[in-house]
Amino acid sequence: MSSSIGGDRKVSLGRSVRGTTPRLKDLASTPESPRTPLFRSTSSAYGSPGGSFRTEDEYIVLELGSRFVRGGFPGESTPRCTLSFGPDEQRRVGDYRQWDPEYTLARRKRKRGQEWGQEYELYQMDLSQLDMGLVEDKFERAMREAYNKYFLLDPKPRRILLALPPLMPRQLLSTVLGVLFGNFQAPSITLMASPVLSSVAAGLRSALVVDIGWAETTVTGIYEYREVHQRKSIRAGKLLSKEMAKLLNHELDEWIDDPNAPKTEISFEEAEEVLSRVGWCKSRPKSNRRTLYFPARTSPVLEEFEDAVESPEPVITIPFPRNVPPTELTIPFASLAKPAETALFAPNTALNEFDDDELPLHHLIYRTLLSLPMDVRGLCMSRIVITGGVSSLPGLKTRILSELDALVQQRGWDPVRSYGSASERHERILRERKENLERRREEGTDKVGESLNPETPLSAALQEQEEDAIEHKLAHLALKNGPPPVCTTGGTIRGVETLGAWAGASLVAQLRIRGIVEVERDKFLQHGLAGANREKDVSVVPQRQSIGPGVGRGAGERGSWTLGVWA
Amino acid sequence: MAQPFPYTYYSCDCYDSKTASIPTKRSSQPPPPEDEDERTFDPRNPRSNYSLYPLEHLLYCEDCQQIRCPRCVIEETLNWFCPSCLFEVPSSMIKSEGNRCTRNCYNCPVCTSPMMVNSLEPPDPNTDDRSGIGGPWVLSCPYCHWSTVDIGIEFEKHTGITQQLSRIANGGKPIPTQKERDKERDRRKELESKKKEREILSESDDSPTVDRRRVDGSLSHEELFSNLSAFYKSQIASATPSNPFSPHDINFSSPSSFSRIMNLYSSTSSKKQKQAKPTPMREAASTLEGLTIHDSAADATAIERIKKEGWSITLSSTQKHDQLNPNMQFDDELRPVATLLRTKRGKRCRNCRHILSKPESKITSTRYKIKLLALNHIPRLSLRALSTTTAQQNPTPGTSAPLTFDYNALKSGIPTHFLLTLSNPLFDPIRVTLATPSTTPGKIQSRITILCPQFEVGANTDVWDDALSSSLSPVKRGSVIGPDGQIQGGIEAGKIWDRGRNWTRVVIEIVPGFLKPVTGLAFGGNGGVPEEMLNEDEDVLEIPIFVRLEFEADVSAEDRGLSDSKESEKDKREKREEAFWTVIGVGRIAAI
């Protein structure tokens, strides 16, 4: 560590941010006023533990998404604030039109050349379209609101734990860090990937985190808190709300039923409102079995709802005060589930027509699972954590899980999708295997789902196990002393609820777990992101071993820092 | 614009100067080709929304001699208070109790208006005083009539609502406190472990996926979080003794530091422990540890509810965001929202850390101890229409009041004159140079001409100086304007229009642009091209004006103090210069 220069800097920083001294002259001329520096980086293991006591517990937890920023304090279950980036947040100071009742009742038009909902985004992944300065402005204003309105902090600088999507353009990252370091005086920022935090908030070490966000759905395989695989699809919130708008436009046009009336174009807010209030997702339809290879009876699909049409079709009345004239639209309840159907599952499109980035969610999840190593897959498939803004849509989680379950029942874990002329034989093998499995399940000797080897129809794995007395005993012992059996559940499709990435970050910060990616303010301001070490795992070793107090601390202080997965 | 026309915005250039300071901020786009000095300010750029401020919102740093906007100041909280009950909250309470009022201040979760504590009993007409009213109390909203009765909550006392509310769940069931919850959790865990033992003894080997432990349905977000948190703590605590010198969490409050200190005194045991391989932290195994298996029944009931009860029971997104727990969906989950505390904040310049504004610490006082406003340092620009055109068109003497100029309907293509007034708050006369692009940036191009871009504005001397010394009276334009209000001399380029003690007016000629392309008019009705809709506010005529001031000022007190203080003060004058962009909203161009 740079001792003298760094020390000086910190002293001046501490004085200025804390200063309640009213005397101007004092501030200007005497840099070395006798004051205790607030932040001292020299607290080592040799010193008393009290040295680090004050600074280490001060954290702010932020979660950054493309449309919202959540912020709060560690140890709290919910963030203090969730800030959005709508047009109302982007007005000039002194422009109070959003409180003008006339203005709020008017329907807003989309700007020329802007995509659906683009005004409401903080950033998008396509940086060629993105004005970095604008992102900085937006983020800075949001953070200022968070600090001044919700955090209400004393002027002590706080470390920041920042939960980020694991794929983040460096430029964007640099902008965000620049704002946090430059304008908000954070002494250090720890970056953590939001899927990992989601799995933390679910109480899991390994998970398949399905984050249905705004611009894209990411499916991330997490194994022992490490991201092992990730796939994406654009079937997410944006597409969903677009579909909802399409549906509502259509319904409103029919409702008004006036050929002369201009085509309705509902605003983004209205579509979002309808989606978040009454949007829902159907359970898996029973009839949708066009591509089944084997009799349907083998797939135990969860069926809460009957597909039978109810005699008086349930309807929902939705007010549209912004329509001209204001109207109330009554539409069948079932049609409100259509956007989710088309946007997220696209049941009417053949699988080969999808582009790589627009797979329906269940196929996306299935393929992610398929490409995971076998043992990781076994753990991940029974720890499917669905999170993200859209995941609160009623019925969606159930639907995804049952679709996935059906898909797995149908295909097994066979990467080959079509066997061509040999498919008949393959089907027979599959069926036999299924029946075998069924039978074994009925017998109650179900073991962790093995990967099915297509070459040998009746492999040794499928035959009856020989009873091994010693193994039995060992298992028994493990059950007694080791973790409960639920911890090693695998092989079945199971959904696990999470409290969300923010709550995970809050937990991590509360437990004072140091992240791999920790950026110090001085170093960032000197070199920017270019100062990061290229090696991804720089700090894993000092984190895991303790070689002794002195060495441990030295490593903890980190002469170099890494960007980890963001590098 | 919500501000009435015409308005003036001032630009703070802090973001421009900041971009250069961070070295790695290499943008993927090539840098703008023009030199920074030649770039004109574009009020249509979305970024300009973040740098434009009304003059009243700006501060001025006397040391940096620059405008300071809310972005380029550092704010520091002086004290905290509840805006509803004006009760000052000490900072220790902020840490322990959070950022909301812990007294009786609540906002309606439906309409956000402040709620009142009312008695459910009808007030006795004979007794007037509040103390006579008894019975259960509720929080109710005087605006939308939502009350806690709707969520089944009644209070026994009319004070200490926060404490009471924290103990009642919606529906009236009591919420156990954190301590009780922890105790309950421990108790149940013990039960579980006993059960497990029994299971092992009886060798019942049932399927591990069956979660029989879910006893009382779904837990709240809060409870789950505390369960998880307790679980992780216990896991970490059980893992750390083998690793007592962990450099990461040396802390009194963490269990590991306790164990570390204990290990210091019993070194033999620690060595033994060190050799033992730490068992890896396991994952949560039950609801008590924070694991919740997805339950499709909850989804189904939610759908059923929406189907049955429709739109009205669901919550709007703003209502959800206002709630502490934003994951709720139905109106019976609403909780009254405690009022957010506010702060009084002092502001410092980000560059030199000088205090720019500091309010008095008393909550009810609105005065400031220090307040360096840009108003006192930056000339105010204001625009108004020169009423000549309307006066000429309507010479009827009967209408005494001159026709007001409609700023919301500027006529495209017709040159209109406006008067730009600069008033000088400084005590020194200033020389002003105005510059503006000849056409406004953006889709609708209007032509702007400042007829007299260079002029002087008098000092802001004492008002009485002006009145007493008649000799100093400036050129009065009144002589040129005839008694009927018509201009006789006409508008001359290069000459100012009018001048007063500390203000000067110049004429700006503006030709508002056309909302539609002019070529469309020539072709008449056969324009088959569908018109592109205008964006919001694109028909607003805003002109960017670059203002540059030059003046001679006294050397500031501190600079003088640093140099030789014996020198006479009057000789110490320095030339100073000030430059900034302003944006003047002229009006809205009327559609033809």
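Analyst: Buried means under 20% relative accessible area, exposed means over 50%, and partly exposed is in between (1.4 Å probe, protein chains only). This is a predicted model, in which local features need pLDDT of at least 70 and side-chain atom pairs count only at pLDDT 80 or more, while totals for chains, interfaces and linings use all residues. Residues are numbered from 1 along each chain as its sequence is written, chains are lettered from A and ligands numbered from 1 in the order in which they are written, and side-chain values use heavy atoms, with hydrogens and water left out.

User: Why is A:Asp468 called partly exposed?
Analyst: The relative accessible area of A:Asp468 is 36%. That value falls between the 20% and 50% limits, so A:Asp468 is partly exposed. A:Asp468 sits in the loop between α14 (423–443) and α15 (469–481) of chain A; helices (H or I, at least four residues) and strands (E, at least two) are DSSP runs, numbered from the N terminus.

User: What makes the surface patch with A:Asp468 negative?
Analyst: The members of the patch are A:Glu466, A:Glu467, A:Asp468 and A:Glu471. Asp and Glu count as negative, Lys and Arg as positive, and His and the chain ends are not counted. Patches take residues with over 30% relative accessible area and no salt bridge, joining like charges within 9 Å and nonpolar side chains (Val, Leu, Ile, Met, Phe, Trp, Tyr) within 5 Å. The place of a charge is CG of Asp, CD of Glu, NZ of Lys or CZ of Arg. With a relative accessible area of 36%, A:Asp468 is over the 30% limit.

User: Which residues make the nonpolar surface patch?
Analyst: A:Ile470, A:Leu474 and A:Leu477 make a nonpolar patch of about 320 Å², with accessible areas from the Shrake-Rupley method and a 1.4 Å probe, only the protein chains shown counting as cover for residues. A:Leu474 is part of helix α15 of chain A. At 52% relative accessible area it passes the 50% limit, so A:Leu474 is exposed.

User: How do you know whether A:Ile222 is buried or exposed?
Analyst: Its relative accessibility is 0%, under the 20% limit, so A:Ile222 counts as buried. A:Ile222 belongs to strand β7 of chain A. Contact means heavy atoms within 4.5 Å; leaving aside neighbours within four places in sequence, the contacts of A:Ile222 include A:Pro195, A:Val209, A:Val228 and A:Cys380.

User: What about A:Thr190: buried or exposed?
Analyst: A relative accessibility of 1% is under 20%, so A:Thr190 counts as buried. A:Thr190 is in strand β5 (residues 188–193) of chain A. Beyond four places in sequence, A:Thr190 has contacts including A:Tyr59, A:Ile160 and A:Val517.

User: What makes helix α10 of chain A mostly covered?
Analyst: Six of the eight residues in α10 (residues 338–345) are buried, among them A:Pro339, A:Leu344 and A:Phe345. These buried residues pack against α8 (237–256), α11 (361–371) and α13 (396–411) of chain A. Just after α10(A), A:Ala346 takes a positive phi of about 45°.

User: Why is α11(A) called mostly covered?
Analyst: Ten of the eleven residues in α11(A) are buried, including A:Leu361, A:Tyr366 and A:Arg367. Their cover includes β6 (207–212), β7 (217–223), β8 (226–233), α10, α12 (374–381) and α13 of chain A.

User: How do you know that A:Glu403 and A:Arg284 form a salt bridge?
Analyst: A salt bridge needs a side-chain nitrogen of Lys or Arg within 4 Å of a carboxyl oxygen of Asp or Glu. Between A:Glu403 and A:Arg284 the N to O distance is 3.3 Å, so the pair meets the rule. A:Glu403 lies in helix α13 and A:Arg284 in the loop between α9 (268–278) and β9 (315–320) of chain A, so the pair ties together parts that are 119 residues apart in sequence. Both A:Glu403 and A:Arg284 are buried.

User: What other salt bridge does A:Glu403 form?
Analyst: A:Glu403 also pairs with A:Arg399, where the closest N and O atoms are 2.7 Å apart. These two residues are both in helix α13 of chain A, four residues apart, about one turn of the helix. An α-helix has 3.6 residues a turn, so residues three or four places apart point the same way.

User: What makes B:Arg548 and B:Glu550 a salt bridge?
Analyst: Their side chains meet at 2.8 Å, N to O, which is within 4 Å. B:Arg548, at 25% relative accessibility, counts as partly exposed. Elsewhere, salt bridges that share partners join A:Asp137, A:Glu140, A:Arg144, B:Arg47 and B:Arg71 into one network. The count over all chains comes to 41 salt bridges.
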